[in-house]
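Reader: I have a new model open. Walk me through how to read it, feature by feature.

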Amino acid sequence: MDRLPEHASAVVVGGGFAGAATAWWLARGGIADVLVVEREDLLGLHASGRNAGMCRQIAEDDRWTALCARGAALLREPPDGFAARPLTVTGSYLVAADDATLAALVDQAGRHGITHRVVEVAEVERRVPALAGVPGVAAVFTPDDGVIDATALLHGLVGGARRAGARVVRRCQVEAARPVAGGDGVDVVTSRGTVQTRVVVCAAGAWAGEVGAGAGARDVGFQPVRRHLFFLAQGADGPAVGDPFVWRVGAGEGYVRNGADGLIASYCDATPTVPGDARVDADADERLAARLTTLAPRLAERAITARWSCLRTYAPEGPPRVGWDRDVPWLFWVAGLGGHGATACAAIGQDAARAIAARLG
Ligand SMILES: Cc1cc2nc3c(=O)[nH]c(=O)nc-3n(C[C@H](O)[C@H](O)[C@H](O)COP(=O)(O)OP(=O)(O)OC[C@H]3O[C@@H](n4cnc5c(N)ncnc54)[C@H](O)[C@@H]3O)c2cc1C
């Protein structure tokens with residue numbers, strides 16, 4: 001079992017994409033003695049290991065789209081020591097449910113310089129015959145989007161951080177953090193002892209609010225939201241490995257993508273919930289079948305080979321919270337990565353590490 005050190009320059013709470021990317025940039029930027037603390041036995045047991053792995057650059061607003069476009073560029077051309085080829089570029093089709101949705105997608109792409117073209121829905125059906133009948137006014141094809149190998153990304157980030165001197169301690173829960181009595185620094189109290197540091201990075205995903213409270217921060221109002229994903233049986237009419245993923249955007253959302261790990265579909269549910277292990281609803285299979293009947297009737301006939309759910313967590317402002325706490329001067333938030341953490345984590349970690357390094361410098 002990894003030993004908990006007595007001191008660290010920064011303690012990063014959470015070993016998902018948010019914590020791993022922040023640690024990678026800190027360590028690679030020359031900050032010595034960065035410590036990542038993860039409660040679970042394995043990394044990626046929560047959102048970072050259970051997501052759909054789609055790299056979609058056009059997002060819901062300017063802040064998200066900017067982060068996703070920067071994050072995607074870093075995944076396409078990873079810097080030295082980064083995860084090796086975590087992205088397979090496949091392109092994507094975002095099928096717009098209505099004219100307003102189409103205009104919003106095109107507007108985001110144009111404002112952020114994302115290569116794209118508007119195509120007829122018939123092009124989607126020709127390219128991926130299993131999507132015959134997908135309803136929409138048109139689709140936006142984004143050739144630089146793709147499929148992320150989430151495991152390779154997470155372990156690449158953690159491995160790279162380690163090689164640059166960071167330490168990772170698993171099976172260790174952070175319980176509280178408080179200023180050292182009568183001295184400089186902060187004591188981080190964990191289930192395996194106390195470590196002294198100058199900065200605590202809250203990258204605890206759905207538990208970010210709890211970890212912040214344990215550090216004495218005011219409630220930010222992070223909201224975990226549950227979503228189901230499914231593996232579907234492969235079919236001769238696709239989508240094949242390497243095909244663009246297809247995401248119907250707007251009312252009646254749903255997506256399907258294929259990759260080395262299988263064919264994944266979702267009906268894009270978003271049920272507000274509390275932090276914890278996400279369960280699968282008893283009617284989840286029926287809900288997927290109903291959505292697919294509308295979106296892609298041929299896919300509705302495929303067998304569901306596995307299903308799971310997991311939590312996406314949002315900050316109240318929408319985009320992620322990446323910055324110092326307004327009251328607790330040594331607490332830095334990297335939380336609320338919502339539904340874009342795989343795509344945007346490399347950019348988010350870079351922004352976080354710049355701000356933290358400026359303080360530690
Ligand atoms: C169903 C689903 C589909 C998704 N699909 C996509 C997609 O296609 N593309 C995309 O870009 N993004 C996608 N996402 C979003 C992406 O997965 C998340 O934004 C990202 O994984 C969040 O990373 P995180 O590090 O903030 O959280 P997590 O991965 O949850 O990591 C937080 C870690 O903190 C640890 N922790 C919590 N409390 C403590 C404590 N007290 N002490 C120590 N450790 C603690 C937890 O154990 C956990 O490992 C999807 C998410 C879901 C749920």
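Author: We go from the overall fold to the domains, then a strand, then the ligand shell. Keep in mind that this is a predicted model.

Reader: Start with the fold. How many helices and strands are in the protein chain?

Author: The protein chain has 9 helices and 21 strands. Its radius of gyration is 21 Å, close to the 21 Å that the globule rule gives for 361 residues, so the chain is as compact as a globular protein of that length. The C-alpha trace spans about 70 × 45 × 35 Å along its principal axes.

Reader: What percentage of the residues of the protein chain count as buried?

Author: Of the 361 residues, 52% count as buried. Take the contacts between residues at least 6 apart in sequence: 75% of them join residues at least 24 apart.

Reader: Now the domains. Which ones does the domain assignment give?

Author: Domain 1 is 1–88 + 145–222 + 315–361, and domain 2 is 92–143 + 224–314. Their centres, taken over C-alpha atoms, are 28 Å apart.

Reader: How many residues of each domain are in contact with the other?

Author: 31 residues of domain 1 are in contact with 26 residues of domain 2. On the domain 1 side, α2 (62–76) and α6 (208–214) are the elements that give two or more residues. α2 gives the most, with 4 residues. By class, that side has 14 nonpolar, 11 polar and 6 charged residues.

Reader: Which strands does β13 pair with?

Author: β1 (residues 10–13) runs parallel to β13, joined by 4 bridges. β21 (residues 331–335) also pairs with β13 in the parallel sense, over 3 bridges. Follow V200. V11 stands opposite V200, and in β21 the bridge partner of V200 is L331.

Reader: Last, the ligand. Which residues come nearest?

Author: There are 39 residues around the ligand, and G14, G16, S48, G205 and G341 come nearest. By class, the shell divides into 19 nonpolar, 15 polar and 5 charged.

Reader: Where does the shell draw its residues from?

Author: From domain 1 and domain 2, with at least three residues from each. By element, α1 (17–28), β14 (223–232), β19 (304–314) and α9 (341–360) each supply at least two.

Definitions and conventions:
Residues are numbered from 1 along each chain as its sequence is written. This is a predicted model: local features need pLDDT of at least 70, side-chain atom pairs count only at pLDDT 80 or more; totals for chains, interfaces and linings use all residues. A residue is near a molecule or strand if its C-beta atom, placed from the backbone, lies within 6 Å of it. Ala, Val, Leu, Ile, Met, Phe, Trp, Tyr, Cys and Pro count as nonpolar, Asp, Glu, Lys and Arg as charged, and the others, Gly among them, as polar. Domain bounds come from an automatic or database domain assignment. The radius of gyration is taken over C-alpha atoms; the globule rule is 2.2 Å times the number of residues to the power 0.38. A residue is buried if 20 or more other C-beta atoms lie within 10 Å of its own, exposed if 12 or fewer, and partly exposed in between; C-beta atoms are placed from the backbone. Two residues are in contact if their C-beta atoms, placed from the backbone, lie within 7 Å. Two strands pair if DSSP finds at least two bridges between them.
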